[in-house]
Amino acid sequence: MFDSLPTSVSVYEVSPRDGLQNEAAQVTTHAKVRLIEALVDAGCKRIETTAFVSPKWVPQMADADQVCRLVPKDLGVSYSALVPNARGLDRALASEIEEIAVFVSASETHNRKNVNKTIAETLAAFEPVIGPATERGIRVRGYVSTVWGCPYEGETDTAKALAITQTLLDAGCYQVSLGDTIGVGTPLQTKRILNAFLDQIEGEKIALHLHDTRGTALANVMVGLELGITTYDASVAGLGGCPYAPGAAGNLATEDLVYTLHGMGIETGIDLEKLWRAGQMAAAIVGRELAGKVHCAGVQSLAV
Ligand code: HMG
Ligand code: MG
């Protein structure tokens, strides 16, 4: 094992969106922008900043338009935001964001709870999103959630997840991130799933989005690395969870991911100490202790 690791990895930071969407207390727009600035300062080049979803469904993301207006520009950072439908695309276009992400689950029940539609209806709702976005030069990423398992239906049919992924790629997504939404995946299962995907799809079009409910996310990253996957989603301080997936704990902590990758000589372009500062800021914003406790000498305290 570990004979064919990549030399560099692209980290797709999701803390401002996935990390905060589940927080009950409203985080101020100012605090969100401060977190994004800290992530940029740490060298994060791909950041999912917010979600143009219904504020009735996810009140925490109601300020998506303002967040997009206030993030630091022209620093070589690609910002993205979730878009569930044409209304979301209109908002994204008005915000002048350069990348969006559409999302759908591989299990009907989670999809229905999350977006109030069947999987087929959700994919149909992307038709007025993906084509018009790409025609305007906006990159579109896709998510398929519950690929490993669903909180309502149990283990997911890999063939179904693969077919949905292929549909998103055919529609124009440049990459699809496979979600272990509730963090149930284990390494041999991950190997089986990824081998099925990589039989049909180039590795660079696949990313992994692993929630770390049971501490298996990094073990699953190792399987992904060995199989040539080079994009990993993560969230500083391990913040995160899907409001419509009961039991979904935080994402894989970016600090832990970067620490592990750097320790294996895999480049990320991220400064670990500054990343740790961003993680401390995220913890301060939500007001509690979180994962990703990489200790770096000299770091004392942070004002949010
Ligand atoms: P609905 O209620 O079926 O939709 O929600 P609707 O079309 O009937 O609209 C209801 C109201 O919302 C209307 O307002 C619309 O205008 C408004 P009203 O007339 O009642 O005043 N509306 C919108 N407002 C702003 N922006 C929009 C928008 N769309 C409609 N884009 C809908 C359907 C999809 C909108 C809703 O279910 C929704 O927003 N769901 C999002 C849920 C969500 O964000 N979940 C978390 C993200 S996914 C995730 O975390 C998983 C991931 O991390 C990967 C993984 O971990 O596996 C990505
Ligand atoms: Mg997620």
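## Briefing: strands, burial and backbone in a predicted chain

S80 sits in strand 3, which covers residues 78-82; strands (E, at least two residues) and helices (H or I, at least four) are DSSP runs, numbered from the N terminus. The model is predicted: local features need pLDDT of at least 70, side-chain atom pairs count only at pLDDT 80 or more, and totals for chains, interfaces and linings use all residues, while side-chain values use heavy atoms, with hydrogens and water left out. Residues are numbered from 1 along each chain as its sequence is written, and chains are lettered from A and ligands numbered from 1 in the order in which they are written.

**Overall fold**

- The chain has 12 helices and 10 strands.
- Its radius of gyration is 18 Å, close to the 19 Å that the globule rule gives for 304 residues, so the chain is as compact as a globular protein of that length. The radius is taken over C-alpha atoms, and the rule is 2.2 Å times the number of residues to the power 0.38.
- The C-alpha trace spans about 50 × 45 × 35 Å along its principal axes.
- Of the 304 residues, 57% count as buried. Buried means under 20% relative accessible area, exposed means over 50%, and partly exposed lies in between (1.4 Å probe, protein chains only).
- Among contacts with a separation of 6 or more, 74% join residues 24 or more positions apart. A contact here means heavy atoms within 4.5 Å.

**Surface and charge**

- The chain exposes about 12200 Å², and carbon and sulfur atoms supply 50% of that area. Areas come from the Shrake-Rupley method with a 1.4 Å probe; for residues, only the protein chains shown count as cover.
- There are 25 positive and 35 negative charges, and their mean positions are 6 Å apart. Lys and Arg count as positive, Asp and Glu as negative; His and the chain ends are not counted. Each charge is placed at NZ of Lys, CZ of Arg, CG of Asp or CD of Glu.

- E48 belongs to strand 2, residues 46-51. Its relative accessible area is 0%, so E48 is buried.
- The E48 side chain makes a polar contact of 2.6 Å with the side chain of R17. A polar contact is a pair of N or O atoms within 3.5 Å; within protein, one must be able to donate a hydrogen and the other to accept it, and residues adjacent in sequence count only if both atoms are side-chain atoms.
- Leaving out residues up to four places away in sequence, E48 touches Y12, E13, V14, P16, R17, S80, A81, L82, A101 and Y143.
- S80 has 1% relative accessibility, so S80 also counts as buried.
- The side chains of S80 and Y12 are joined by a polar contact of 3.5 Å.
- Beyond its neighbours within four places in sequence, S80 is in contact with Y12, I47, E48, T49, T50, I97, E99, I100 and A101.

- Most residues other than glycine have a negative phi.
- D74 is not a glycine, yet its phi is positive, near 60°. D74 lies in the loop between helix 3 (64-70) and strand 3. With a relative accessible area of 79%, D74 is exposed.
- N116 is not a glycine either, and its phi is positive at about 65°. N116 falls in the loop between helix 5 (108-115) and helix 6 (119-125). N116 is partly exposed, at 46% relative accessible area.

**Sequence separation against distance in space**

- M1 lies in the segment before strand 1 (10-13). M1 counts as exposed, at 63% relative accessibility. M1 and Y152 are 151 residues apart along the chain, and their C-alpha atoms are separated by 34 Å.
- E135 is in helix 7, residues 127-135. At 70% relative accessibility, E135 is exposed. E135 and G172 are 37 residues apart in sequence and 10.0 Å apart, C-alpha to C-alpha.
- Q166 is in helix 8, residues 158-171. Q166 is partly exposed, at 27% relative accessibility. Q166 and I201 are 35 residues apart in sequence, with a C-alpha to C-alpha distance of 7.9 Å. Setting aside residues up to four places away in sequence, Q166 touches Q200 and I201.
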